[in-house]
Amino acid sequence: MRDKNSKSESPLASRIRPTTLEEVVGQQHIIGEGKLLYRAIKADKLGSLIFYGPPGTGKTTLAKVIANTTSAEFMQLNATVAGKKDMEEVVKAAKDNLGMYGKKTILFVDEIHRFNKSQQDYLLPFVEDGTLILIGATTENPYFEVNSALLSRSVIFELTALEKTDIRQLIERAVYDRDKGMGTYDAVIEEEAVEFLSDAANGDARAALNAVELGILTTKRSDDGKIHLTMKVAEECIQKRAIRYDKDGDNHYDTISAFIKSMRGSDPDAAVYYLARMLYAGESVTFIARRIMICASEDVGNADPNALVVAVSAAQAVERLGMPEARIVLSQAASYVASAPKSNAAYLAIDSALEVVRNTKTAPIPPHLQDAHYKGASKLGHGKGYQYAHDYPNHYVEQQYLPYELKGTVFYEPADSGYEKKIKEHMAFIKKEAARKNKE
């Protein structure tokens with residue numbers, strides 16, 4: 001009776017959790033029919049596993065599905081509270097199961113990254129000799145947080161944020177399912193609210209389900225006797241205001257356009273504002289990072305070469321960090337690029353060169369620039385007359401680098417801003433000095 005009451009009083013996200021593979025929503029890249037994990041669960045032939053992914057993506061759910069389908073004894077620890085004594089008790093029970101009944105034991109460790117090195121090391125020999133089959137769940141990169149010895153004995157499955165359509169399915173199941181969901185409350189949810197919650201949850205099923213539960217439990221019945229989950233209720237329950245932002249529509253393109261143009265126009269305040277709008281709406285941080293990298297090269301270029309370094313570093317950082325910390329990295333990169341001196345000279349240079357390549361006959365490379373090292377090349381005159389730049393003052397010597405047909409063509413014209421002004425002055429100086437030496 002106590003277990004039954006506990007189950008009925010547990011949070012919606014726990015009650016509605018699937019018990020079979022067929023009920024699981026999302027993560028088809030690892031549990032789709034025919035996939036390795038699907039086959040292993042169905043055949044009850046599991047080895048040690050580590051589930052890695054953001055909160056609310058189904059790591060514990062998959063562990064519970066395994067618990068309901070395996071013939072092995074299933075035990076669970078949470079690394080945030082489990083101590084050495086708990087681990088010793090699990091190992092003792094596993095040894096008894098194996099020795100007396102020939103039965104394997106699966107140990108599910110939630111938040112396994114919370115175990116310190118010595119705790120992880122304690123499990124290692126029992127995983128090694130088959131006393132335990134370990135299933136770990138972590139929101140942190142296991143390659144950083146889990147001992148390499150355990151990693152080498154485990155298969156890592158990365159779970160991704162749930163798709164919007166997955167969240168929609170879970171929301172509707174939660175509202176209308178009378179067995180596991182809250183269907184007995186006779187609630188209805190507006191399409192607008194479903195759309196908003198599935199987007200605002202940002203791939204986290206638990207966040208969406210918690211909002212649904214809170215909405216149903218705290219909203220008064222209407223005159224028709226039903227509980228109506230409106231947009232206003234949805235906003236209150238997930239503590240987020242709805243903003244117009246369709247990731248596949250005009251708002252998406254208009255906002256990213258304004259973001260890029262603000263960086264190009266050297267307005268860091270506007271750039272950060274549009275960044276905030278995109279982040280609030282759940283825009284992909286990797287998509288934003290890519291746009292910053294493009295702007296750093298297209299609109300800043302050699303006026304501040306460090307802008308591209310900052311942008312690329314930011315792109316790598318947001319992939320490792322994820323939200324919410326990624327917002328800080330993106331803000332740093334966007335404000336840097338927006339504040340940097342601007343030049344599109346490199347962008348114009350490559351497009352001009354491509355235009356020439358597309359529309360003119362391929363001109364031969366000057367013989368003195370051709371490779372003289374491969375067999376017979378020197379006898380053909382390849383490389384003859386080449387002047388090694390480092391043998392001359394300022395490491396520069398006048399000679400024909402472009403094909404003779406393009407002699408005098410200029411593609412790259414440095415601007416008079418930032419570091420590019422120094423490039424322009426440097427190029428002018430070395431050419432002037434070389435001309436002067438030639439006259440002498």
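Visitor: Leaving aside its neighbours within four places in sequence, which residues is Tyr392 in contact with?

Guide: Gln387 and Val397, where contact means heavy atoms within 4.5 Å. Before we go on, this is a predicted model: local features need pLDDT of at least 70, side-chain atom pairs count only at pLDDT 80 or more, and totals for chains, interfaces and linings use all residues. Residues are numbered from 1 along each chain as its sequence is written, and side-chain values use heavy atoms, with hydrogens and water left out.

Visitor: Got it. Where is Tyr392, then?

Guide: In the loop between α19 and α20 (418-439). Helices here are DSSP runs of H or I with at least four residues, strands are E runs of at least two, and both are numbered from the N terminus.

Visitor: Why is Tyr392 called partly exposed?

Guide: Because its relative accessible area is 32%. Buried means under 20%, exposed means over 50%, and partly exposed is in between, using a 1.4 Å probe and protein chains only.

Visitor: And how many Å apart in space are Tyr392 and Gly47?

Guide: They are 66 Å apart, C-alpha to C-alpha, and 345 residues apart in sequence.

Visitor: New topic: the sheet. In what order do the strands come?

Guide: The order is β2-β3-β4-β1-β5, five strands in an open sheet with parallel pairing. Two strands count as paired if DSSP finds at least two bridges between them.

Visitor: Is β4 mostly covered or mostly open?

Guide: Mostly covered: seven of its seven residues are buried. Leu132, Leu134, Gly136 and Thr138 point one way from β4, while Ile133, Ile135 and Ala137 point the other way.

Visitor: Why the two directions?

Guide: Because side chains in a regular strand alternate between the two faces of the sheet. In β1, Leu49 and Phe51 point one way and Ile50 and Tyr52 the other, all of them buried.

Visitor: How many bridges join β1 to β4?

Guide: Four, between residues 49-52 of β1 and residues 132-138 of β4, which run parallel. Ile50 has Gly136 as its bridge partner in β4, and Phe51 has Ala137 there. In β5, the partner of Phe51 is Phe157. As for β3 and β4, they pair in the parallel sense over six bridges.

Visitor: Which UniProt domain annotation covers residues 45-162?

Guide: The unreviewed UniProt entry says "domain: AAA+ ATPase" for that span. UniProt positions are given in the numbering used here, feature names are shortened, and annotations may be inferred rather than shown by experiment. In the model, the span is 42% helix and 23% strand, and its end C-alpha atoms lie 27 Å apart.

Visitor: Okay, what about Ser343: buried or exposed?

Guide: Ser343 is buried, with a relative accessible area of 5%. Ser343 is found in the loop between α18 (326-339) and α19 (345-359). Beyond its neighbours within four places in sequence, its contacts include Glu298, Asp299, Ala415 and Glu420.

Visitor: What does its side chain reach at 3.2 Å?

Guide: The side chain of Ser343 reaches the backbone nitrogen of Ala345. A polar contact is a pair of N or O atoms within 3.5 Å; within protein, one must be able to donate a hydrogen and the other to accept it, and residues adjacent in sequence count only if both atoms are side-chain atoms.

Visitor: Last one: which residues of α15 are buried?

Guide: Ala270, Ala271, Leu275, Met278 and Leu279. At the start of α15, a side-chain oxygen of Asp267 comes to within 3.2 Å of the backbone nitrogen of Asp269. After α15 comes Gly282, with a positive phi near 90 degrees.
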